Amino acid sequence: MAETIIQVEEEKEPLFGKKERKLLIDPINDNNPITVQVLGICSALAVTTLVNKAIVMAVAVIFVTAFSNLAVSLLRKGIPKQIRMIVQLVVIAFLVTVVELALKAANYPIWKELSVYIGLIITNCIVMGRLEAYAMANKPWRSFMDGVGNGVGYGVILIIVAAVRELFGKGSLADFKIIGNTPEYLIDTTQNSFFAWYMPNNLMVIPAAALFVIGIIIWVQRSRNSKLVDVS
Amino acid sequence: MQSNNYVTFYTVVMTLIVSVVLAVIVSGLKPVHDDNEAVFKKREVFKAVKDYLGADLDKMSDKEVLALFEKSMKQVVIDANGKPVEGVKAENIDMAKEDKKPAADRQYPVFIYEGDKGTYYLVAVRGNGLWDKIWSTVALKDDLNTIAGTSFGHVGETPGLGAEITDNPSFPKQFQGKTIYDGNEFVSVSVVKGGIKIPAHQVDAITGATITSYGVTEMFERGLRVYLPYFESLKK
C-alpha cells in the first residue's frame with residue numbers, strides 16, 4: 001500500500017450537472033449498450049416474448065448496473081489490482097442473488113418464468129463492462145448515474161422489442177388483449193368480423209424474431225444519426 | 001501492486017461479509033418462498049379443472065386457492081402397483097424426484113376434485129420434450145375414461161414452437177372430451193401430425209414442434225398406464 005494517489009484538482013460536482021445528464025441520456029440513445037455497443041444480446045433474445053417479462057428484467061438489470069457501479073466505485077481505491085475482476089464479479093453475483101430472492105418472494109410465477117435469465121444477469125456483458133470502463137475510475141455518484149443510464153438504455157430496447165413481439169406474435173400488450181380470435185380481445189378476428197383475415201404471426205414468438213427487431217431498430221437509429229455509422 | 005497479505009485479507013473479509021448477508025436474506029425470506037411455492041403448485045393442479053371451478057382461477061386470490069384446495073380436493077397417493085399408500089399427501093409428491101427412483105419404488109399423486117359440477121380425478125404425468133422435461137396434469141371425469149381438462153408445463157421448450165403446449169390455450173383444450181379407452185382396451189390419447197383420423201383418441205400436433213408432440217404422446221401413453229390398476233380398483 002505504498003502507493004501514492006495523485007490528487008487531481010477537485011472540480012465542483014453538482015447532483016444533476018451537464019455531465020450527469022449526459023451520463024444518463026447517452027446510453028439511451030447515442031451509446032446504447034444493445035444497439036450501439038451490441039452487448040447483452042443474449043438476454044435480449046430470451047426475455048422479450050412478453051412485455052411484462054421484459055419490464056421485470058429491465059428493472060432487475062437497472063438495479064444491478066446502478067448498485068454494482070456504486071459499490072465498485074466506493075471500493076475502487078481498496079480493491080487489490082490483482083483480483084479486481086473477481087471482486088467485481090462477487091459484487092455483481094451478490095446483487096443478482098438479492099434481486100432473484102426478492103423477486104421469488106414478490107412474484108413467484110414471474111420468477112418461475114424468468115428463472116435462469118435473472119441468474120444470467122451475472123454474465124451480462126453490460127454490467128461488467130460498465131464496472132471496468134467507468135466505475136473503476138470514477139466517483140460514486142457519477143458511477144451510479146452511469147449505471148442507471150446503461151440499465152435504462154438496455155431496458156428501453158428490451159421493452160420495445162417485447163412490445164413488437166407480443167403485439168404481432170400474441171395479439172396482446174402487457175397481457176392486455178388487443179387482437180385475436182376470441183371475444184375477449186379488443187379487436188375480434190372471428191369469422192364475421194372485418195379483421196377475419198388477421199392471424200397472429202408465430203414467427204414473432206420465436207427467438208430469431210428478436211434479432212430481426214433489434215436489427216431494424218439499429219438500422220433506424222443509424223439512418224437517423226450519421227455519427228454512429230462509422231463507429232463499428 | 002498490493003501485498004499478498006492484503007489480497008488474502010481482502011478476499012476473506014469480502015467473502016465473509018457477502019455470505020453472511022446472503023444467508024440472512026435467504027433464511028429471512030424462506031417462509032415467504034415456501035408459501036409462494038405451495039400456492040403455485042396448487043394453482044397448477046387447479047388449472048386442469050379450471051373450467052369447472054365456478055370462478056376464474058386467474059382472478060382468485062392466493063387465500064381463495066388455498067381454501068378451495070382444502071375444501072374440495074381429496075388426495076390419494078398410489079404406489080407402482082396402483083395400491084393406495086397411507087400417510088403421504090399427494091401435494092408433497094415431487095414428480096421430478098419420483099422420476100429418479102427405480103420404477104417399482106415410485107409413488108404417484110391422485111387429486112380428486114369434488115366440485116359443484118361433478119367429481120374429477122386428476123393425475124400427473126411426466127415425460128421428455130425436445131430440450132428438457134415436460135409434464136401434465138390430466139383431469140378425468142368420473143367414468144375414468146373421458147378427459148375433462150389438461151394443463152401442461154415444461155422446463156425449456158422453444159418459445160413459439162414446443163412452448164405452445166403451455167402458451168397456446170387451444171392445445172390443452174383439444175384434449176377435452178377425448179377418451180383414453182377404446183372399449184375395454186387402453187389406447188391413451190396421441191398427438192398426430194397431418195390431420196386427425198380417430199377423433200376420440202387423437203389431437204392435432206403443433207406446427208414445427210414434432211419432437212415435443214411425440215413427447216406428449218409418449219408421456220400420456222406411459223404416464224396414464226401407471227394409473228390403470230388404480231382406476232380398475234375404483235370401478236369395482
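Mentor: Happy to! Keep in mind that this is a predicted model. The contact between the two chains takes 24 residues from chain B and 27 residues from chain A.

Trainee: Which three residues supply 24% of the area that chain B buries against chain A?
Mentor: Let's begin with the whole interface: about 2,300 Å² is buried between chain B and chain A, and carbon and sulfur atoms give 72% of that area. On the chain B side, one trio supplies more than any other three residues. Those residues are B:Q2, B:Y10 and B:H33.

Trainee: Which element gives the most residues to the side of chain B that touches chain A?
Mentor: Two elements of chain B give two or more residues to that side, namely α1 (4-47) and α4 (164-167). The residues of this side divide into 15 nonpolar, six polar and three charged. With 16 residues, the element that gives the most is α1(B).

Trainee: How many salt bridges does the rule find across the interface of chain B and chain A?
Mentor: Polar contacts do turn up there: the rule finds four residue pairs across the interface, with both residues at pLDDT 80 or more. For a salt bridge, a side-chain nitrogen of Lys or Arg must lie within 4 Å of a carboxyl oxygen of Asp or Glu. Across this interface the number found is zero.

Trainee: Then how many salt bridges does a search of the whole structure find?
Mentor: Now we count over all chains. One pair to look at is A:E132 and A:R84, whose side chains meet at 2.9 Å, N to O. A:E132 lies in helix α6 (residues 125-133) of chain A and A:R84 in helix α4 of chain A, so this pair ties together parts that are 48 residues apart in sequence. The search over all chains gives 13.

Trainee: Which residues of chain B does A:V98 touch?
Mentor: Find A:V98 in helix α4 of chain A. Within its own chain, A:V98 is 34 residues from A:V64 in sequence, and their C-alpha atoms are 9.5 Å apart. Leaving out residues up to four places away in sequence, A:V98 touches B:L22 and B:I25.

Trainee: What does A:K104 touch, not counting residues up to four places away in sequence?
Mentor: A:K104 also has its place in helix α4 (residues 84-106) of chain A. To get a sense of distance, A:K104 and A:I179 are 75 residues apart in sequence and 31 Å apart in space, C-alpha to C-alpha. The residues that A:K104 touches are A:W111, B:H33 and B:N36.

Trainee: What pattern does chain A follow along the sequence?
Mentor: Start with the counts: chain A has eight helices and four strands. Its C-alpha atoms fill a box of roughly 80 × 45 × 30 Å along the principal axes. Read along the sequence, the pattern is α-α-α-α-α-α-α-β-β-β-β-α.

Trainee: Which strands are the edge strands of the sheet in chain B?
Mentor: Six strands form an open sheet in chain B, with antiparallel pairing, in the order β2-β1-β3-β4-β5-β6. An edge strand here pairs on one side only. The edge strands are β2 (84-85) and β6 (147-154) of chain B.

Trainee: Which residue is the bridge partner of B:I78 in β2(B)?
Mentor: Strand β1 (residues 73-79) of chain B runs antiparallel to β2(B), and two bridges join them. In their hairpin, four residues lie between the strands, and B:G82 takes a positive phi near 85°. B:V77 stands opposite B:V85. For B:I78, the bridge partner is B:P84.

Trainee: And which residue in β3(B) is the bridge partner of B:K74?
Mentor: On this side, seven bridges join β1(B) to β3(B), and the two strands run antiparallel. Helix α2 (residues 62-72) of chain B lies across β1 and β3 (107-115), at about 65° to β1(B). The partner of B:K74 in β3(B) is B:I112.

Definitions and conventions:
Residues are numbered from 1 along each chain as its sequence is written. Chains are lettered from A and ligands numbered from 1 in the order in which they are written. This is a predicted model: local features need pLDDT of at least 70, side-chain atom pairs count only at pLDDT 80 or more; totals for chains, interfaces and linings use all residues. Side-chain values use heavy atoms; hydrogens and water are left out. Two strands pair if DSSP finds at least two bridges between them. Contact means heavy atoms within 4.5 Å. Axes are lines fitted to C-alpha atoms, for helices over the stretch in contact, and angles run from 0 to 180 degrees between N-to-C directions. Buried area is the accessible area (1.4 Å probe) that two parts lose on being put together, summed over both. A polar contact is a pair of N or O atoms within 3.5 Å; within protein, one must be able to donate a hydrogen and the other to accept it, and residues adjacent in sequence count only if both atoms are side-chain atoms. Ala, Val, Leu, Ile, Met, Phe, Trp, Tyr, Cys and Pro count as nonpolar, Asp, Glu, Lys and Arg as charged, and the others, Gly among them, as polar.
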